[in-house]
Amino acid sequence: MQATDTSGRAVYWGTGRRKRSVARVRLVPGTGILTVNGKEGDLYLQFNPTYLALAKAPLETLGLENEYDILVKVEGGGLTGQADSIRLGVARALCQLDPDNRKPLKTEGYLTRDPRAKERKKYGLRKARKAPQYSKR
């Protein structure tokens, strides 16, 4: 959804989810700064280049990495799930920005929500599928 912030700049929203993680992403015209939960992006993602590349990949695909700031509120899950949810949120916000962005993002797989999540534990078992040791006698 496009809105404007207090200074009149256009703001684009996108929500991304992965495993237990939920990221609410805002794209604001700027210089390409990533801010996650009020912290600098590389500091929050522990200077891991893989996580940073994941989060910024949709912008780099479209060549917009230095034109928009990414402001993220993310909760739940670990860093991998959070980075993936940020990527999905950024991709969805870019589709709000311009519907023509959808095709290149879709071909790269950035608009696909990964459905894999932890399976619940079942009664009588130690974990989701691990059973106690079986002994015939």
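Biologist: Which residues in α2 meet which residues in α3?

Modeller: In this predicted model, the α2 side brings Tyr51, Leu54, Ala55, Pro58, Leu59 and Leu62. They meet Leu79, Thr80, Ala83, Asp84, Ile86, Arg87, Val90, Ala91 and Leu94 of α3. Sorted by class, this contact has 12 nonpolar, 1 polar and 2 charged residues.

Biologist: What makes α2 roughly parallel to α3?

Modeller: The axes of α2 (residues 49-62) and α3 (residues 79-97) cross at roughly 15 degrees and come within 7 Å. Angles under 35 degrees count as roughly parallel, so α2 is roughly parallel to α3. The crossing of α2 past α3 is right-handed.

Biologist: Thanks! Where does Asn101 lie, and why is Asn101 called buried?

Modeller: Asn101 is in the loop between α3 and α4 (102-108). Its relative accessibility is 10%, and buried means under 20%, so Asn101 counts as buried. Leaving aside neighbours within four places in sequence, Asn101 is in contact with Leu62 and Leu94.

Biologist: Let's turn to the whole chain. How many helices and strands are there?

Modeller: The protein chain has 4 helices and 6 strands. Along the sequence they follow the pattern β-β-β-β-β-α-α-β-α-α.

Biologist: How do you know that the chain is more spread out than a compact globule?

Modeller: For 137 residues the globule rule gives 14 Å, while the radius of gyration of the chain is 18 Å, well over that value, so the chain is more spread out than a compact globule. Taken along the principal axes, the C-alpha atoms fill a box of roughly 75 × 30 × 25 Å. Buried residues make up 36% of the 137 residues. Among contacts between residues at least 6 apart in sequence, 62% join residues at least 24 apart.

Biologist: Why is Lys39 called partly exposed?

Modeller: Partly exposed covers values between the 20% limit for buried and the 50% limit for exposed. Lys39 has a relative accessible area of 44%, so Lys39 is partly exposed. This residue lies in strand β5 (residues 39-40). Not counting residues up to four places away in sequence, Lys39 touches Leu34 and Tyr44. Lys39 and Pro29 are 10 residues apart in sequence, with 19 Å between their C-alpha atoms.

Biologist: What makes Gln46 count as exposed, and what is its phi?

Modeller: Exposed means over 50%; Gln46 has 57% relative accessibility and therefore counts as exposed. Gln46 sits in the loop between α1 (41-44) and α2. Its phi is positive, about 60 degrees, although Gln46 is not a glycine.

Biologist: Why point that out?

Modeller: Most residues other than glycine have a negative phi. Lys19 also has a positive phi, near 50 degrees, and is found in the loop between β2 (10-18) and β3 (21-29).

Biologist: One last stop: where is Arg120 found, and how do you know that Arg120 is exposed?

Modeller: Arg120 is found in the segment after α4. With the cut-off for exposed at over 50%, the 55% relative accessibility of Arg120 means that Arg120 counts as exposed. Arg120 and Tyr68 are 52 residues apart along the chain, and their C-alpha atoms are separated by 39 Å.

Definitions and conventions:
Residues numbered from 1 in each chain as written. Predicted model: local features only at pLDDT ≥ 70, side-chain atom pairs only at ≥ 80, totals over all residues. Heavy atoms only, no water. Axes fitted to C-alpha atoms, helices over the stretch in contact; angles between N-to-C directions. Helix = DSSP H or I, 4+ residues; strand = E, 2+ residues; numbered from the N terminus. Parallel < 35°, antiparallel > 145°, perpendicular 65-115°, else oblique. Left-handed = near helix turned anticlockwise from the far one by under 90°. Contact = heavy atoms within 4.5 Å. Nonpolar A, V, L, I, M, F, W, Y, C, P; charged D, E, K, R; others polar. Buried < 20%, exposed > 50% of the residue type's maximum accessible area, 1.4 Å probe, protein only. Rg over C-alpha atoms; globule rule 2.2 N^0.38 Å.
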